[in-house]
Every structure is written in structure tokens, then in C-alpha cells.
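Visitor: I am new to protein models, and I would like to learn how to read one. Please take me through it step by step.

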Amino acid sequence: MPAEPRPTTPDSTAPADSAAPAPVVPPKIRAALSRYRVSAFVVGWGLILLVLLMILKYGFGGATGRFDWTVAVWGPIHGVLYVVYVLLAFDLAYKDRWSLLGILKVILAGVIPGVSFVAERWVHRSVLARRKI
């Protein structure tokens, strides 16, 4: 006896009341978002490293100056990385039409250790959901 055909359903894994499809992010904004995410990650870890080096210099270097060179080398490197972060944040903000307050929040997030990770996550979710920042 042949097998009975299965009843066809549109998609058995999707819920019956599925929400509207995810908003489409234009390619230029998606590319700018990717660049911003990488820079936020790099600047976040770079700032944490700079703070640790400053703790070594001022807390444990003492009068010997053993750790002076670490801050002298990494400080300017981090400065350049932060400038790149700001430029990439402006690029994304321009393409996605952010508010001035949103831009200021994201730029200031790169100054406080660890906060750039939080800001990156917030920006990523907001841009993908097409919410204004």
C-alpha cells in the first residue's frame, strides 16, 4: 500500500503569527556598520590596555620609571585608533541619519573603558532594526 502524502504546510518551523520580515538594511549602511563594529572593538580593548599600562606606570613604576615607555608608546597609538573610531562613527551616523545626541553618546562611549562594547551592541541592534539613534 503506498504511503499517504503528507499535508503541506507553509513552514512548520515558523510560528503562525510570525511578525513582519526584518527591515532591510541598505548595503552602504551595512558596510559602515561593519567598519564601526570593528573599530569599537579595537578601541575598547585598546583603552582597557592603556588604563592597565597607566596603572602599572603610576602604581608600580614608582621613581624607577620602569613602565614609562609603555604609556609613551601605547598612548599615541590609542589616540590614532580613537580618531579612526570617531571618523567611522561619523560615517555611519551620516549614512544612517543619526541625531546629534546619538552621535555624542557613541563618541563618548569610546572614552570610558568598556562602554564602547555596550555602545557597539546598542548601535548594531538599532541599525539592524532600522531604529533611529
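Guide: Let's start with the word helix: helices (H or I, at least four residues) and strands (E, at least two) are DSSP runs, numbered from the N terminus. H78, for instance, is found in helix α2. Keep in mind that this is a predicted model, in which local features need pLDDT of at least 70 and side-chain atom pairs count only at pLDDT 80 or more, while totals for chains, interfaces and linings use all residues. Residues are numbered from 1 along each chain as its sequence is written, and side-chain values use heavy atoms, with hydrogens and water left out.

Visitor: Is H78 buried or exposed?

Guide: Buried means under 20% relative accessible area, exposed means over 50%, and partly exposed is in between (1.4 Å probe, protein chains only). H78 has 7% relative accessibility, so it counts as buried.

Visitor: Which residues is H78 in contact with, leaving aside its neighbours within four places in sequence?

Guide: Contact means heavy atoms within 4.5 Å. With those neighbours set aside, H78 is in contact with V43, G46, L47 and L50.

Visitor: What does L53 touch, not counting residues up to four places away in sequence?

Guide: L53 has its place in helix α1 and is buried, with a relative accessible area of 14%. Apart from those sequence neighbours, T70, V71 and W74 are touched by L53. From C-alpha to C-alpha, L53 and V71 are 6.1 Å apart in space, yet 18 residues apart in sequence. A31, too, has its place in helix α1. A31 is partly exposed, at a relative accessible area of 33%, and its C-alpha is 8.8 Å from that of L92, although A31 and L92 are 61 residues apart in sequence.

Visitor: How do I read the way two helices lie together? At what angle do the axes of α1 and α4 cross?

Guide: Axes are lines fitted to C-alpha atoms, for helices over the stretch in contact, and angles run from 0 to 180 degrees between N-to-C directions. Here the axes of α1 (residues 27-60) and α4 (residues 115-128) cross at roughly 170° and come within 9 Å. That makes α1 roughly antiparallel to α4; angles under 35 degrees count as roughly parallel, over 145 as roughly antiparallel, 65 to 115 as roughly perpendicular and the rest as oblique.

Visitor: How many nonpolar, polar and charged residues does the contact of α1 with α4 have?

Guide: The contact of α1 with α4 has 12 nonpolar, three polar and four charged residues. In this scheme Ala, Val, Leu, Ile, Met, Phe, Trp, Tyr, Cys and Pro count as nonpolar, Asp, Glu, Lys and Arg as charged, and the others, Gly among them, as polar. On the α1 side, the residues include I29, L33, F41 and W45, and on the α4 side they include F117, H124 and L128.

Visitor: Which residues in helix α3 are buried?

Guide: Helix α3 (residues 100-109) has G102, I103, V106, I107 and A109 buried. As for partners, the buried residues of α3 pack against α1, α2 (68-96) and α4.

Visitor: At what angle do α3 and α4 pack?

Guide: The angle is about 145°, and the axes of α3 and α4 are 8 Å apart. There, K105, V106 and A109 in α3 meet V115, S116, A119, W122 and V123 in α4.

Visitor: How many aromatic pairs does the structure hold?

Guide: Rings of Phe, Tyr and Trp (its six-membered ring) pair if their centres lie within 6.5 Å; planes under 30 degrees apart count as stacked, over 60 as edge-to-face and the rest as tilted. The structure holds five such aromatic pairs. One of them is F41 with W45, an edge-to-face pair at 6.5 Å centre to centre, with 70° between the planes. The rings of F41 and F117 have centres 6.2 Å apart and planes at 65°, so this pair is edge-to-face. The pair links distant parts of the chain, with F41 in helix α1 and F117 in helix α4, 76 residues apart. Y36, Y82 and Y85 form one aromatic cluster.

Visitor: Where is R97 found?

Guide: R97 is found in the loop between α2 and α3. R97 has a positive phi of about 60° although it is not a glycine, and R97 is exposed, with a relative accessible area of 53%. Another residue to look up is R130, in the segment after α4, where phi is near 60°, a positive value in a residue other than glycine.
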